[in-house]
Amino acid sequence: MSSQSKQQAHQAAKRQNACEVLTRGEQKLIVVWKPPKEISGGKALTKIEGIKTFVHPSPHNLSYGDTVGIKILDVGENHAEAVAISVL
């Protein structure tokens, strides 16, 4: 992907409102992109329909590539916070 394409994708993601995509209390299945040990704050990272979503792992030990059931806790303008409820 060229740097111009990356920049255009970044700008499009910034324009997307997370509140239009995700709802507090909603449950989803996700795949962990970055585990908690790779991100400060102890949360895993994934994207749901282009929205960065930070996942609190407790009490689960999350690794890259894990399929995880989550519950959305909070939705901001361009990101969401969730908690892991199961690891498949």
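Colleague: What is the accessible surface of the protein, and how much of it belongs to carbon and sulfur atoms?

Modeller: In this predicted model, the accessible surface comes to about 5,600 Å². Carbon and sulfur atoms hold 48% of that area.

Colleague: Which elements does the protein have, and what pattern do they follow along the sequence?

Modeller: There are 1 helix and 5 strands. Read along the sequence, the pattern is α-β-β-β-β-β.

Colleague: What makes β1 and β2 edge strands of the sheet?

Modeller: Let's start with the order, which is β1-β4-β5-β3-β2 in an open sheet with mixed pairing. β1 (27-31) and β2 (44-48) each have a single partner strand, so one side of each is left without a neighbour in the sheet. Neighbouring strands are turned by 45° against each other on average, direction ignored.

Colleague: How do you know that β1 and β4 count as paired?

Modeller: Pairing asks for at least two bridges between two strands, and 5 bridges join β1 to β4 (residues 67-75). Therefore they count as a pair, and the two run antiparallel. One of the bridges links V31 with T67 in β4.

Colleague: Which residues of the largest nonpolar core touch the most other members?

Modeller: This core has 17 residues, and L22, V55, L62, V68, I70 and I72 touch the most other members. Two or more residues come from each of β2, β3 (51-56), β4 and β5 (79-87). β4 gives the most, with 4 residues. As a general point, nonpolar side chains in soluble globular proteins tend to be buried together.

Colleague: What is V68 in contact with, once its neighbours within four places in sequence are left aside?

Modeller: The list is K28, L29, I30, V32, L62, A84, S86 and V87. For the protein, 57% of the contacts with a separation of 6 or more are between residues 24 or more positions apart.

Colleague: Why is E49 called exposed?

Modeller: Exposed means over 50% relative accessible area. E49 has 54%, so it passes that cut-off. E49 is found in the loop between β2 and β3, and its phi is near 50°, a positive value in a residue other than glycine. Most residues other than glycine have a negative phi.

Colleague: Where is the cis peptide bond, and what is its omega?

Modeller: The cis bond joins S58 and P59, with omega about 5°. P59 has its place in the loop between β3 and β4. Most peptide bonds are trans.

Colleague: How much of the protein counts as buried?

Modeller: Of its 88 residues, 31% count as buried, the cut-off being under 20% relative accessible area.

Methods. Residues are numbered from 1 along each chain as its sequence is written. This is a predicted model: local features need pLDDT of at least 70, side-chain atom pairs count only at pLDDT 80 or more; totals for chains, interfaces and linings use all residues. Side-chain values use heavy atoms; hydrogens and water are left out. Axes are lines fitted to C-alpha atoms, for helices over the stretch in contact, and angles run from 0 to 180 degrees between N-to-C directions. A nonpolar core is a set of buried Ala, Val, Leu, Ile, Met, Phe, Trp, Tyr and Cys residues joined through side-chain atoms within 4.5 Å. Buried means under 20% relative accessible area, exposed over 50%, partly exposed in between (1.4 Å probe, protein chains only). Contact means heavy atoms within 4.5 Å. Accessible areas come from the Shrake-Rupley method with a 1.4 Å probe; for residues, only the protein chains shown count as cover.
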